[in-house]
Amino acid sequence: MKKIYILWLRQIKKYLRSKSRMIGSLAQPLLFLLALGYGLGSVFQQAGQGNYLNFLSPGIIGMSILFTAIFSGIELIWDRQFGFLKETLVSPMSRFNIMIGRTLGGATVATAQGVVVMLIALIFGFHPANWLMVIPAVGIMFLMALLFTSLGTMIASLLDDMQGFQLIMNFLIMPLFFLSGALFPLQGLPKALAIIARIDPLSYGIDALRALLLNAGHYGLGMDIFILSSVTLIFLWLGSYFFKKIQV
Amino acid sequence: MIKATNLTKKFGDFLAVDDVSFQVKNGEIFAFLGPNGAGKSTTIKMLTTLLNPTSGTVALNGHDPVNHPDETRRSFGIVFQDPSLDDDLTAWENMEIHGILYDVPNGLRKRRSEELLKFVELWDRKDSLVKEFSGGMKRRLEIARGLLHHPKIIFLDEPTIGLDPQTRNHLWAYLRELNKNEGTTIFFTTHYMEEADRIAQRIAIIDHGKIIAVGTSEELRKQTDTSSLEDAFLALTGKVIRDEEANATDRLRTMRRAWKK
């Protein structure tokens, strides 16, 4: 337990120390809130869909969690190239626990990032329907963070260096984000898009946030939590499977 | 303490380590020498659970690294050839993490970390981030960290590279002390022949993945009819300068990529 804790703590410390990373990862959500939230607000209103900024905010929170979590997982490549991974691999700590410690650390960082983005959204005018629901919403954020950190770890275990990174960015992270319903309502979508959104695990996370914060879910909260938890378990399992196979 | 039997590692068609067998006794200081790319690091990786051998077996403190990695890992400490510190943490935090990963109890961990950091003269910099350190300082920290849990066997892969003679002597004095007081077995590689000559009780020379000679420095000199270990080494391995190291890693990389596709 103590070993998992120290690896978790390591990640938190690293995050708190890299100010540039923190600021950098806040710039993007800010831009989205500003440009889309305000820019498309009136169009959205005229279409009878209500307040776009309110609708968009859970999507942007989901986006920042997705990015931070996958990057935390992919940091593994970094650790492998610059050596710290070897230090943990030769220590008497099971590979499974190493993976758990790293993943929990990454997920905590991503959750913190999500909370910060939520605070920024509040400043921009985001207004939750029920303030009490903010607490379970943070729980959902952590679940999403866990899911995508495991996915990142899995990818990193399979990659040798950062060269494949551009591919991952364009063919995995971006589609996960844009096809998730972060930016548009899931009702009345063209069939193909509706199916894709249903496959994208991020959709369920954002939908759960909307259900909690805005009383406006699409799939239903129970369904969201069920899918999120199952996919998290599968990814954790796959992540630890591939992590165990790493040879340095 | 260490027993390798018919150890072989292939990367694709490339035979990095070829049917290597040797034994290191309990409490012995053993040098593992060879030109670049001879298979030293690959052998160490197989001894330390980082790579699985293609064939052959290892017994380390009686444990098999392939089937019982955790027991094996408890038995040894290692200072890697390339850095394995976390640059974003302080020297002290790097020591702490290591101590916790190896179950060194709280009080002992703090006392030993202090003692070791003082020993490598980094105590006044203990709260500085490692990325602010020079190459030599990182090396010293890495050594201090590898000694923190007082393992039964210590592997040192070119530990003294980039260190000045003062630090080098200082380090070997400490290791000898540890070897004498705690009976720690020491297995090291180096390119400094006079270091191997002075420190090691027995020496193995590996070239092209095969062990070509084992014995004390004196035995090796006699065997080759030379007057210094350096000459003996050159007589055994030839004078051709190797660029194998790059090739070996290149091959390894290509292999890995091919395998992953």
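1. The model is predicted, and local features need pLDDT of at least 70, side-chain atom pairs count only at pLDDT 80 or more, while totals for chains, interfaces and linings use all residues. Residues are numbered from 1 along each chain as its sequence is written, and chains are lettered from A in the order in which they are written.

2. Chain A has eleven helices and zero strands, where helices (H or I, at least four residues) and strands (E, at least two) are DSSP runs numbered from the N terminus. The C-alpha trace of chain A spans about 60 × 35 × 35 Å along its principal axes.

3. Buried residues, meaning those with 20 or more other C-beta atoms (placed from the backbone) within 10 Å of their own, make up 48% of the 248 residues in chain A.

4. Between the chains, 22 residues of chain A are in contact with 24 residues of chain B, a contact being two residues whose C-beta atoms, placed from the backbone, lie within 7 Å. On the side of chain A that touches chain B, H1(A) gives the most, with seven residues.

Note on methods. Buried ≥ 20, exposed ≤ 12 C-beta atoms within 10 Å, placed from the backbone.
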